[in-house]
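Visitor: I have a model open and want to learn how to read it feature by feature. Where do we begin?

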Amino acid sequence: MRLGVLDVGSNTVHLLVVDAHPGARPLPAHSHKAELRLAQLLDDAGAIDAEGVDKLIAVVHDALQAAEDKGVEELLPFATSAVREATNADDVLARVQEETGVALQVLTGAEEARLTFLAARRWFGWSAGKLLVLDIGGGSLEIAYGIDEEPDAAVSLPLGAGRLTSGWLPGDPPATDDIRALRRHVRAEIARTVGEFTRFGTPDHVVATSKTFKQLARIGGAARSAEGLYVQRELKRQTLETWVPRLSAMTAEECAELPGVSEARAGQLVAGALVAEGAMDLFGVETLEICPWALREGVILRRLDHMGSDATAAGALP
């Protein structure tokens, strides 16, 4: 069947259309994105303002039209940290459903981490052993660890690249004192959780998902996206440590000129790099591998698993 997953994130609203059935690899058929930056549309009370809600509804309408045009049979809509943490989240969800018919499922941070972990596990397979998975979004950092498809530990921290940029780095380029303050904050937040993971032992494989990690890897010399999903892409901590001070001294316009960096995300790159560097350092990671699959694929895989279970229960499968 043709599935659509509608991801209302802190930076973008992304519709991913795939052809899929239980037991098969989902095949991407269409991608529709809108840069909404919900995390930056919060008012002083932490609510998504009226303009932001109007924009969200318009973008969801556009995504629904795209889904219809591409023949989507089932839509899986969800929202992450920007909506989850908005003080008027219930009102926003109700209005979106009333005006579009879409009932957004708000994922918890732990659910984000677990679903992203599932996607990484399926991509790398059982031979990868114990996985440590890192994901930097616009609003949060997800960390998960385990040897099975369900992680032994999964946490979400308020360390998204968009959130930190708007809250800590007002300058362009950022002021040196602001960079130092953010670096201390990031490392203190991550350090509080390290013990939850290290008690399970050293991971066999460390992987990262998200646009931030992909951009940092590309800056460090990884293959272009045009070279395909199956090219191995890595990010080394030594390379990242070399780039962090350089990125910190650059304007958003200058960052956008770097290979693989989009203009829309360029302003968040410094904050994202500080989170990536802090996580790799505190977890003792020298090299990580970029995983092409992430949260959206995890949502799709979980839905396909449920479809397969339902079919088995109905006697359709041996």
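**Reading the model, feature by feature**

Guide: Begin with a pair of helices. The axes of helix 5 and helix 10 come within 8 Å and cross at roughly 115°. The crossing is right-handed. Keep in mind throughout that this is a predicted model.

Visitor: Which residues make the contact between helix 5 and helix 10?

Guide: Helix 5 contributes Ala161, Leu164 and Thr165. From helix 10 come Ala271, Gly272 and Val275. By class, the residues of this contact are four nonpolar, two polar and no charged.

Visitor: How do I read the burial pattern along a helix?

Guide: Start from the geometry. An α-helix has 3.6 residues a turn, so residues three or four places apart point the same way. Now take the case here. Helix 5 spans residues 161-168, and Ala161, Gly162, Leu164 and Thr165 are buried in it. Viewed down the axis of helix 5, these buried residues fall within an arc of 170°, so they line one face of the helix.

Visitor: What do the buried residues of helix 5 pack against?

Guide: They pack against strand 6 (131-136), helix 6 (176-198), helix 7 (211-219) and helix 10 (269-282).

Visitor: Which residues of helix 7 are buried?

Guide: Thr212, Phe213, Gln215, Leu216, Ala217 and Ile219 are buried in helix 7. Gly221 follows helix 7 and has a positive phi, near 110°.

Visitor: How should I read backbone angles?

Guide: Most residues other than glycine have a negative phi, and most peptide bonds are trans. Arg37 is not a glycine, yet its phi is positive, about 55°. Ser210 is not a glycine either, and its phi is about 95°.

Visitor: Where do Arg37 and Ser210 sit?

Guide: In loops. Arg37 is in the loop between strand 3 (27-35) and helix 1 (50-69). Ser210 is in the loop between strand 9 (205-209) and helix 7.

Visitor: Is Ser210 buried or exposed?

Guide: Buried. The relative accessibility of Ser210 is 11%, and the cut-off for buried is under 20%. Arg37, at 27%, counts as partly exposed.

Visitor: Which peptide bond is cis?

Guide: The one from Asp172 to Pro173, with omega near 5°. Pro173 belongs to the loop between helix 5 and helix 6.

Visitor: Which side chain joins that of Ser140 in a polar contact?

Guide: That of Glu142, at 2.7 Å.

Visitor: How do I compare separation in sequence with separation in space?

Guide: Put the two values side by side. Ser31 and Pro292 are 261 residues apart in sequence and 14 Å apart in space, C-alpha to C-alpha. For Asp43 and Thr87, the values are 44 residues and 9.8 Å, again C-alpha to C-alpha.

Visitor: Where does Asp43 lie, and what is its relative accessible area?

Guide: Asp43 lies in the loop between strand 3 and helix 1. Its relative accessible area is 36%, so Asp43 is partly exposed.

Visitor: Which backbone nitrogen lies 2.9 Å from a polar atom of the Asp43 side chain?

Guide: The backbone nitrogen of Ala45.

How values were computed. Residues numbered from 1 in each chain as written. Predicted model: local features only at pLDDT ≥ 70, side-chain atom pairs only at ≥ 80, totals over all residues. Heavy atoms only, no water. Buried < 20%, exposed > 50% of the residue type's maximum accessible area, 1.4 Å probe, protein only. Helix = DSSP H or I, 4+ residues; strand = E, 2+ residues; numbered from the N terminus. Arc of directions from axis to C-beta. Contact = heavy atoms within 4.5 Å. Axes fitted to C-alpha atoms, helices over the stretch in contact; angles between N-to-C directions. Left-handed = near helix turned anticlockwise from the far one by under 90°. Nonpolar A, V, L, I, M, F, W, Y, C, P; charged D, E, K, R; others polar. Polar contact = N/O pair within 3.5 Å; in protein donor to acceptor, adjacent residues only side chain to side chain.
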